[in-house]
Amino acid sequence: MAEVYITCRVFEEEIERLRAAGHTVEMRDHPGPICHAELLTKIAAAEALICLLSERIDAEVIAAAASLKIIANLGVGYDNIDVEGAHAAGVIVTNTPGALTETTADLAFALLLAAARRVVEGDRFVRAGDFLGWELVGSQLGLEVYGKRLGIVGMGKIGTAVARRGRLGFGMKILYHNRRRNEEGEKELAAVHVPLEKLLEESDFICVHTPLTPQTRHLFDRQAFARMKDSAILVNVARGPVVDEEALVQALATGEIAGAGIDVYEEEPAVHPGLVGLQERVVLSPHLGSATVATRRAMAKIAVDNVLSVLAGAPPLNPVA
Ligand code: GLV
């Protein structure tokens, strides 16, 4: 029997599973991430922590959690956690790989299409009562998607799922940049592994799927945008800081690139005001990558499976190395 602290609302059936195993559960029943000071007090007696990817689990939290055995992050990315510090303190870290691959790939494609075909602008136009009839040369002509070149930065599970949509659904030619070659992706999707510079210069659409690391922070900076086609659209459903938001705003405002579909932000939940001000071919969503009922249920189940396993003295199912 152990104390489990959950920083956010999770599905009732998962709380029941923890209680059925004899554990005491405290769930913070408020919207949004917990503040650091509150987390420090709440974590003191917990043996398991289930937390959001937007919560900073740093050395201070780990030090305040003397009995902690596992941090189960609700998300596949875990850049919010001091994994090295946790491991040094004997605390296991787990994530939720797999569950959200297709869901996140769907959102990436939704943003790509919405930005290219100006769907959100069209929605605003209709609601404002401005739709006065079909025109051959209207004010909202968009960009072709079918058969264009799709650049994938980070060809892991999600990047490959996006490439599959592009190749099989939209006849796109796939370029990718990854630390390691993805030979399966190359075979299945005729994807071509290229240096980042070539991908930036030749892609019509660029989707970002790389994790946030010191090496990928601001991978998309002024120089990167300068290399891109002025007709290119950038889609980011990975992590905000992979893109220098100030440079992105500049590139969009000056026409250095044509548009963007953005789901994640540098200072999330804050969004660069310059980005908010841009309307044409710019679509913004509030970190919705995994946001379907089925996927969020699956993610909660994976987190609880990991907690139950570790508290029972068994190995975690999805350890972060
Ligand atoms: C979402 O951003 C995740 O990392 O799961």
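Me: How much area is buried between domain 1 and domain 2?
Reply: About 530 Å², with carbon and sulfur atoms giving 43%. Buried area here is the accessible area (1.4 Å probe) that two parts lose on being put together, summed over both.

Me: Which residues in domain 1 lose the most area to domain 2?
Reply: Asp 79, Gly 98 and Thr 295, together 61% of what that side buries.

Me: What kind of model is this, and how is it numbered?
Reply: This is a predicted model, where local features need pLDDT of at least 70, side-chain atom pairs count only at pLDDT 80 or more, and totals for chains, interfaces and linings use all residues. Residues are numbered from 1 along each chain as its sequence is written, and side-chain values use heavy atoms, with hydrogens and water left out.

Me: Where are the domain bounds?
Reply: Domain 1 is 3-99 + 293-311 and domain 2 is 101-284; the bounds come from an automatic or database domain assignment. Their centres, taken over C-alpha atoms, are separated by 32 Å.

Me: Which salt bridge is there with Asp 79?
Reply: The side chain of Asp 79 meets that of Arg 239 at 2.9 Å, N to O. A salt bridge is a side-chain nitrogen of Lys or Arg within 4 Å of a carboxyl oxygen of Asp or Glu. Between domain 1 and domain 2 the count is one salt bridge.

Me: Other topic: how many residues has helix 13?
Reply: 19, residues 293-311. Helices are DSSP runs (H or I, at least four residues), numbered from the N terminus. Helix 13 reaches 27 Å from its first C-alpha to its last, close to the 27 Å expected, which is 1.5 Å times one less than its number of residues.

Me: And what follows helix 13?
Reply: Gly 313, with a positive phi near 85°.

Definitions and conventions. Helices (H or I, at least four residues) and strands (E, at least two) are DSSP runs, numbered from the N terminus.
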